[in-house]
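Hi,

Here is the structure I promised to pass on.

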Amino acid sequence: MPHRRYPRLLLAVGLLLLVLIVPGCAKETKEVANIPPLAEDEIDSEAFSKHYPRHYDSFKRNFEQEKTEYGGSVPYSKLEADPSLKKLFAGMPFSIDHNEDRGHVYALQGVTTTKRITPKTPATCFTCKSSQVPRLMKKYGDDYYKKPFNEVKAEVKHSIGCSDCHDPKTMELRITRPALTEAMARRGVDITNATRQDMRSYVCAQCHVEYYFEPGTGRLTFPWDKGFTPEAVYEYYKEKKFKDWEHANSKTPALKTQHPEFELFQGSTHQLAKVSCADCHMPYVKEGTAKISSHWWTSPLKTMNESCGSCHRNDQEYLKARVKDTQDKTRDLMNRAQQALVDAIDAIEAAGKAGADAKILDEARELHRQSQWHWDWVAAENSMGFHNPQQSMSSLGKAIDLAHQARAKALGK
């Protein structure tokens, strides 16, 4: 009967696949055979390359430099590109030096050359810049957060690398920075019970977040006790009576947002669909006969087949157009918020010089503080709104409204 031929056909196909695939697999095994295992505390990514050459080849692509419309890795000055930022950050280091981020492999170089470092800068600023930080924390204990940056600088040689996210012995994903574990514990979440899919975002959330240095201890802290939204984090800081600096022109006790990628992602369409950071930014790619997770941390627009194609069936040009439309609209609204903030700052400064009522000035400054916070929540985040378009538009809309209120209050209207 005809169906009796199928086992023979399947056997033939199986043998063919064996001939085609096994040599490749054998070659991969040979590449990593007879190599001493990695040390438990290995921090040099070069050591990982001998065991995982394909992953490391993708990792090396992070050294490539490219400027895109809304990002990239070319270190241009944002202050020169947009002079209004000098007024928005007047009186704090970001008004002196504010460059485009260059990515993980340049993190150490960036932090050790920026003009924002002063003799008072604590070693805490190394926390998300080097794979040596866990060693430093073990060596100095809580004193790590109080050590002068320049005193520790000579000990730090490696930028962000493999060991920051992987256990060298098992290659399992792990958390190496205590701030994330502590913040989630305060929210009632035990990260040790996290699924692998959760970990594919949590390892990124060790650094791609808003944070501050706890007054008194200098301890790196994530302000998530009340929630992940800009409103919730603002209330956290308000309750703590915390400020990053006093604005030089308006005298506002202002806040500087860091880079809240993880927070903005919460509640987004992709996050609610259980998509992780790595699904888009570290997609699975085919390398010869192997499937690996790409370690080229770049825009998903450069890897659309792998990053987007596993879920979206739309034409790539359509998807690119959707992304561009979101980012263009975000940038337009951001510009409007910046101009509204500049006008508010000028009005508050003028009112102060004119001897305006102290109560009125304080009310105007509080509106300025809130406005700048909502604007910076999007401006400091690295997706130009795409990680959560609805939240981004909402924040920028509030920033514009609050800036207009601040200006009107200062003008006595």
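In helix H18, the buried residues are Gln 391, Ser 392, Ser 395, Leu 396, Ala 399, Ile 400, Leu 402, Ala 403, Ala 406 and Ala 410. Buried here means under 20% relative accessible area, with exposed over 50% and partly exposed in between (1.4 Å probe, protein chains only). An α-helix has 3.6 residues a turn, so residues three or four places apart point the same way. Among what covers those buried residues are helices H11 (230-240), H12 (261-265), H16 (316-353) and H17 (358-379), a contact being heavy atoms within 4.5 Å. Helices (H or I, at least four residues) and strands (E, at least two) are DSSP runs, numbered from the N terminus.

The length of H18 checks out too: its 22 residues (389-410) should span 32 Å at 1.5 Å a residue, and the end C-alpha atoms are 32 Å apart, which agrees. The expected span is 1.5 Å times one less than the number of residues. Just after H18, Gly 412 has a positive phi of about 80°.

Before you go further: this is a predicted model, where local features need pLDDT of at least 70 and side-chain atom pairs count only at pLDDT 80 or more, while totals for chains, interfaces and linings use all residues. Residues are numbered from 1 along each chain as its sequence is written, and side-chain values use heavy atoms, with hydrogens and water left out.

Now the cysteines. There is one disulfide in the structure, a disulfide being a pair of cysteine sulfur atoms within 2.5 Å. Cys 128 and Cys 207 form it, with their sulfur atoms 2.3 Å apart, and at -95° about the S-S bond the link is left-handed. Cys 128 sits in the loop between helix H6 (107-113) and helix H7 (133-140) and Cys 207 in the loop between H10 and strand E3 (212-213), so the pair ties together parts 79 residues apart in sequence. Cys 128 counts as partly exposed at 21% relative accessibility, whereas Cys 207 is buried at 17%. Cys 204 is in no disulfide; its nearest cysteine sulfur, that of Cys 277, is 4.3 Å away.

What about the lining of the second largest pocket: which helix gives the largest share? That is H10, with four residues. Of the 14 lining residues, Asp 198, Ser 201, Tyr 202, Gln 266 and Gln 271 lie nearest the centre. (A pocket is an open set of points on a 1 Å grid over the protein atoms alone, where a 1.4 Å probe fits, with protein on both sides within 12 Å along at least five of seven lines; lining residues have an atom within 4 Å of a point.)

Cheers
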